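Hi,

Here is the structure I promised to pass on to you. Could you open it and keep it beside this message while you read?

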Amino acid sequence: MPEAEQQNDANAPAGAGGEPPKTAKQLEKERLKAEKLAKLQAKLDKKAAAAPAAGEKKEKPEKRTKEVKEAAVYTAQTAPGEKKDLSGALPDAYSPRYVEAQWYSWWEKEGFFTPEYGRASIDAPNPNGKFVMIIPPPNVTGSLHLGHALTNAIEDAITRYHRMKGRTTLWVPGCDHAGIATQVVVEKLLWRDEKLSRHDLGREKFIERIWDWRREKGGRIYEQLKSLGSSYDWSRVAFTMDPKLCRAVTEAFVRLHEEGSIYRSSRLVNWSCTLRSAISDIEVDKVEIPGRTFLSIPGYEDKVEFGVLIKFAYKVEGSDEEIIVATTRIETMLGDTAVAVHPQDDRYKHLHGKFVVHPFSTRRLPIVCDEFVDMAFGTGAVKITPAHDPNDYEVGKRCNLPFITIFNDDGYIIGDYGEFTGMKRFECRKKILEKLKALNLYRETLNNPMVVPICSRSKDVVEPLIKPQWYVSCSDMAASATEAVRSGELKIIPEHHTKTWYHWMDGIRDWCVSRQLWWGHRIPAYHVSFTDPSLQAGSNDDEQYWIVARSEAEALTKAAERFGVDASKIVLKQDEDVLDTWFSSGIFPFSVFGWPDQTKDLQTFYPTSLLETGHDILFFWVARMVFFGQKLLGKLPFKEVYLHPMVRDAHGRKMSKSLGNVIDPMDVIRGITLEGLHAQLVGSNLDPREIEKAKAGQKQDYPQGIPECGSDALRFALCAYITQARDINLDINRVLGYRFFCNKLWNATKFALLYFTGSEKFDTELRASAAINQMDAWILSRLAAAIEACNTGFESYDFAAATSACYAFWLYDLCDVYLECLKPIFQSGSEEQQTAARRTLYVCLDYGLRLLSPFMPFITEELYQRLPRANPAPSICVASYPSNTSWRSTKIESDVEFVQKAARIIRSARSDYNLPNKVKTEVYIVCTDSVPSEILKRYASDLATISYCSNVVFDSPAPQGCAILTVTGQCEVHLLLKGLVEADKEIAKLQKKSDQLVQTVGKLTQAIQAADYATKVPAEVQEANETKLSESRAEIERIAAAIETLKLM
């Protein structure tokens, strides 16, 4: 019933029987209703006559299933590299598979991602400047994970932004050879498929196998990067084992050695017995255990005990006295060469200079004094094993003790130790304990929380071993790196990471770069021996007999010169070891440009503009790039370092294969079933014992699998997560939320394009004064605010602010308000109004898509290409990034914000009274202040549109039957309800809701008043309860007011 009729009927005088007389329209309505009822009755009678007889089986009607439309797929026969066929209409709904098809190969073929695009040469002057960045090269092994996706989402957004700002832009892609990781993967495959070890093949053939594997699998990562939309210049792609980069690695090593920054020395290293190689600190997982714990160790059937402190006694030579010492690694006592006490410890002063007797060898161990001993800890006496403990190593050097190695490279006991010799180290651990007990030297075992160093690659316990290795001297380079940050020449963002930088630099140790592997850059060092026995030979430890050179021929020349011997008498053997992978990564910012040659790329693009990576490799990679850049080129490799957070799962847990929470970004982009996730675990290198645990984790987190979200949604979500925090807890549901945002974007643009029916083309040149319609001026102001927020966000690396600005503009400003306000204009507005609205709408679509493009390259390209553009850029990739903020008007925004506040209050009240949107009502504005009244009058038609009202009345008394809503102290809205709601029914509904809320308030109040509430209930739960209590009380008050209003009707 129309609202006007309802109002008239309600106010009509009563007729006979107290009922108002019926109008002609009402009588006609009743006649039609009676006819319908008669037809319905006839239908029912017919159905009853045709009903089956009693006992006759009735056929069940076929159940109708809801038709689910298949997602659109791009099916046009377009060759790779050709532009996408846009001749068809936009699909009804957003489909990532449709949208993300074809664009990337076209972008790449057109050369949009190269610095040469649109320029005469790469070094041509550009008033907008340049932007250069290198990829943190992912390992060639396997596939990308969400950490890589985060890196690429951020870096590509930054790169696309700078490209759209008109700068000469280059983002260099590449891959790291990942020495240990790659060798481990290929060794496992070799054993699984052929039951062969690398030693069975030999070095050369094994390396050939790795190259075969690289050629087969290596391209997968690059395809994944393209699927993410990453706008790399693929013509400059670099692999750390490419000949160009190998040459740079050799040159860097030789130069650093020649100037004394690289030397050879025997020192303690992190040794993996399983890998038979030294490993870097970053490859050591420091696993904290609370006390006695049994761990699975490779090569051992039974679990091994850790987290205990074993006390045993050494007998003092020539007396009945003993010194009790304690250790967490009892097997290392075979390598003890002293017992240390503090020089001021009165308990042991009478033993200074004396010896204790080793129970399993003829060795006499001196009792030495060293101030590193803590007199208050344990017995105040410490066993010293210089060859197998970092602290003991230093004591050994200070006290000139012997260094006795008791383990071979595989972790077996070596030396003259009787029955212990040849045992595995952890089997020896148990046997020594038995023997100490038999000799009555065992004292006790205590629970001991500790950190166990585990090799991240092999899961073996890391053993400190002394090995002759090559080292990079870091102290001078660290001092220069520290000064670069202190002076502001190098900027680290967020700034709180500078503390970590200074901490690492201040405590810097020389860097061991030798790795006992076959895959990697073989160290360009040659050991010299002679064919003439009269010439003195040198040991493997003697650096004098090592020649570092660019080639064997150069090494031979250098050796002949050093030893004054004819080259024919010299035999050279190249070091078997390879360099730490971080060494080649450290020179990556200039090796990719052709260093040591002075190429045009090197001269143009070095130093780079920015280094973006995770904060976990600030020291291991970032610092070393700074070291080598300053040392070898005399320049910092980049001006700024931006460090992003680490990705954790929705529960805040570290990503781990054994937990089943490691997610391939391709699975988020394309979607995957739970069964598909399980299948990936079975095909992985995961221990079979951990697969079931991982499956359970997947089932808990992804019971329905992972829905298809698309690359744009994943990228946008990852960037939206970025804050100053050290970690982000990634919830796939949030990614899915941004996929819905893509759908909203799609539908809004598709709907908006319906207003562009002619052949007219548009540009973005629009003055604020050209906005005839009031909401045109407002939306342009909101667009200007979004432009400002996005530019500021990118320049300050505040990606959360930039994504929020884009999201809010499209969803809350354009879709929720402006497009709604356009409907009346295009239905009944003047030609002039429609023309102005069309121009404004075009600017919003064009600029809105450009703002989003760095985050969502695929959907923005798809929609941008379909806009009626007058002066189109060939691609949104190379369109200019919006910068026009001249439309901004805080006055207009403030006025419309007030209108929106009134609309929200009206819509909220309509919801309280269960009025559907299609039921329009009238509102009466009552203001005691002319300012709010004038604002609402000016935007009356827009207020009516966004609050679902048929009419907004001013300067007229409100009739009876209105709900009174307060906007401000000077402004009320009277919402006419009479005739639109059945008061009794609505009162009953509201009363029921109020009763439920009263119960909720009662339960919460009772819980909060409990004696131990403040101490036992977590702070976040207390905060949530307070919020719920406050909201429930406010809701009860609103319902009470609504009921009172309904009672008056």
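Let's start with Asp410, which is partly exposed with a relative accessible area of 36%. In this message, buried means under 20% relative accessible area, exposed means over 50%, and partly exposed is anything in between (1.4 Å probe, protein chains only). Arg276 is also partly exposed, at 29%.

Before going on, a word about what you are looking at. This is a predicted model, so local features need pLDDT of at least 70 and side-chain atom pairs count only at pLDDT 80 or more, while totals for chains, interfaces and linings use all residues. Residues are numbered from 1 along each chain as its sequence is written, and side-chain values use heavy atoms, with hydrogens and water left out.

Back to our two residues. What do Asp410 and Arg276 form with each other? They form a salt bridge, with their closest N and O atoms 2.8 Å apart. A salt bridge here is a side-chain nitrogen of Lys or Arg within 4 Å of a carboxyl oxygen of Asp or Glu. Asp410 sits in the loop between helix 11 (390-399) and helix 12 (425-438), and Arg276 in the loop between strand 5 (262-272) and strand 6 (277-279), so you'll find the partners 134 residues apart. Helices (H or I, at least four residues) and strands (E, at least two) are DSSP runs, numbered from the N terminus. There is a network too: salt bridges that share partners join Glu251, Arg255, Glu258, Arg550, Glu554 and Lys558.

How many salt bridges are there by this rule? The count comes to 64. Here are two more to look up:

- Lys226 pairs with Glu108, the closest N and O atoms being 3.4 Å apart. Lys226 belongs to helix 9 (residues 219-227) and Glu108 to helix 4 (residues 103-110), 118 residues apart. Lys226 is buried at 18%, whereas Glu108 is partly exposed at 32%.
- Asp156 pairs with Arg715, with 2.7 Å between the closest N and O atoms. This one links helix 5 (residues 146-164) to helix 23 (residues 711-721) across 559 residues. Both Asp156 and Arg715 are buried.

Now the rings. Rings of Phe, Tyr and Trp (its six-membered ring) pair if their centres lie within 6.5 Å; planes under 30 degrees apart count as stacked, over 60 as edge-to-face and the rest as tilted. That rule gives 57 aromatic pairs. Trp504 and Phe619 are stacked, at 4.3 Å centre to centre and 10° between the planes. Trp504 is in helix 14 (residues 497-506) and Phe619 in helix 19 (residues 618-633), so this pair ties together parts that are 115 residues apart in sequence. Trp504 is partly exposed at 32%, while Phe619 is buried at 10%. By contrast, Phe530 and Tyr545 are edge-to-face because their ring centres lie 6.5 Å apart and their planes are at 70°. Phe530 is in strand 22 (residues 525-530) and Tyr545 in the loop between strand 22 and strand 23 (546-548). Phe530 is buried at 15%, and Tyr545 is buried at 8%.

Charges meet rings as well. One sits over a ring if NZ of Lys or CZ of Arg is within 6 Å of the ring centre and within 35 degrees of the ring normal. Lys84 lies over the face of Tyr98, 4.5 Å from the ring centre, and the charged end of Arg198 sits over Trp518, 4.7 Å from the centre of its ring.

For the strands, have a look at strand 30 (residues 921-927). Five of its seven residues are buried, so it is largely enclosed by the rest of the structure. Strands pair if DSSP finds at least two bridges between them. Strand 30 runs parallel to strand 31 (residues 949-954), joined by five bridges, and antiparallel to strand 33 (residues 971-976), also with five bridges. Val923 has Val952 as its bridge partner in strand 31 and stands opposite Leu975 in strand 33.

Last, the cysteines. A disulfide is a pair of cysteine sulfur atoms within 2.5 Å, and a search of the whole structure finds zero of them. Cys790 is in no disulfide, and its nearest cysteine sulfur, that of Cys806, is 3.5 Å away. Cys790 is buried, with a relative accessible area of 0%.

Cheers
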